[in-house]
Amino acid sequence: MKVLIDTHVFLWGPQQEEKLSRRVQTLLPAADLWISVASLWEIITKVQVGKLTIPTPVGDYLFAKLKANGVLVLPITFDHVKRAEKLPLHHRDPFDRILIAQSSEEKLPIVTSDPVFARYAVALIW
C-alpha cells in the first residue's frame, strides 16, 4: 500500500512510535511511504525560524532519515498546484493544503493525526 505521510509522522517515525496510533504503527513497516517535498521544506523552515529543533545541517539529517526509513519523496507538480486552487479554505496552512491536493491528485491516503484534514475529500489513516 502506498501512503503519503504528514510531516509529524515522518518526524516521529520509529523513534517516537508511542506518538503514533496502533494502526499507524502496524502500517508503516509494511507500506510504501511517500513524503511531499513540501513537508521537507516545512521542516527546514520551522528549524530556521526556531519552531523546531533537529540536528543540523537539516538537509543532511533529512536525507539520512529518508534513506534509513525507506521514504520516497513526492515532488510538487503543476497538477498538484492546480488541485490546491480548487480546495475549499478549511485549512489555510499552505504546506497542509498542498499535501491534501497531492493526496487527491495521486489518490494516496494521507497518514496524519491532523483533524482538519477530515474536512476534505481525501482518504485518511490514523
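Helices here are DSSP runs of H or I with at least four residues and strands are E runs of at least two, both numbered from the N terminus. With that in hand, Pro57 turns up in the loop between H3 and H4. A cis peptide bond joins Thr56 to Pro57, with omega at about 0°.

Some housekeeping first. This is a predicted model, where local features need pLDDT of at least 70 and side-chain atom pairs count only at pLDDT 80 or more, while totals for chains, interfaces and linings use all residues. Residues are numbered from 1 along each chain as its sequence is written, and side-chain values use heavy atoms, with hydrogens and water left out.

Most residues other than glycine have a negative phi, and most peptide bonds are trans. Besides the cis bond between Thr56 and Pro57, there is Lys107, a non-glycine residue whose phi is positive, near 55°. Lys107 lies in the loop between H6 and strand E4 (110-111). Lys107 counts as exposed because its relative accessibility is 69%; the scale here is buried under 20% relative accessible area, exposed over 50% and partly exposed in between, using a 1.4 Å probe and protein chains only.

**Lys65, a buried lysine**

Lys65 is in helix H4 (residues 58-69). Lys65 is buried and has no salt bridge, and the nearest side chain of opposite charge, Glu17, is 11 Å away. For charges, Lys and Arg count as positive and Asp and Glu as negative, with His and the chain ends not counted. So what does Lys65 touch, leaving out residues up to four places away in sequence? Phe10, Leu11 and Gln15, where contact means heavy atoms within 4.5 Å.

**Salt bridges**

The structure holds 3 salt bridges, each being a side-chain nitrogen of Lys or Arg within 4 Å of a carboxyl oxygen of Asp or Glu.

| Pair | N to O distance |
|---|---|
| Lys46 and Glu42 | 3.3 Å |
| Lys82 and Asp79 | 3.5 Å |
| Glu105 and Arg83 | 2.8 Å |

Glu105 in helix H6 and Arg83 in helix H5 are 22 residues apart, so that pair links distant parts of the chain. Lys46 and Glu42 sit 4 residues apart in helix H3, so about one helical turn separates them. Lys82 and Asp79, 3 residues apart in helix H5 (residues 78-86), are likewise separated by about one helical turn. Glu42 is buried, at 5% relative accessible area, whereas Lys46 is partly exposed at 34%.

**Aromatic pairs**

Rings of Phe, Tyr and Trp (its six-membered ring) pair if their centres lie within 6.5 Å; planes under 30 degrees apart are stacked, over 60 edge-to-face and the rest tilted. The count by this rule is 2 aromatic pairs. One has Trp41 and Phe95 with centres 5.3 Å apart and planes at 85°, which is why the pair is edge-to-face. This pair links distant parts of the chain, with Trp41 in helix H3 (residues 37-48) and Phe95 in helix H6 (residues 94-106), 54 residues apart. Trp41 is exposed at 56% relative accessibility, whereas Phe95 is buried at 17%.
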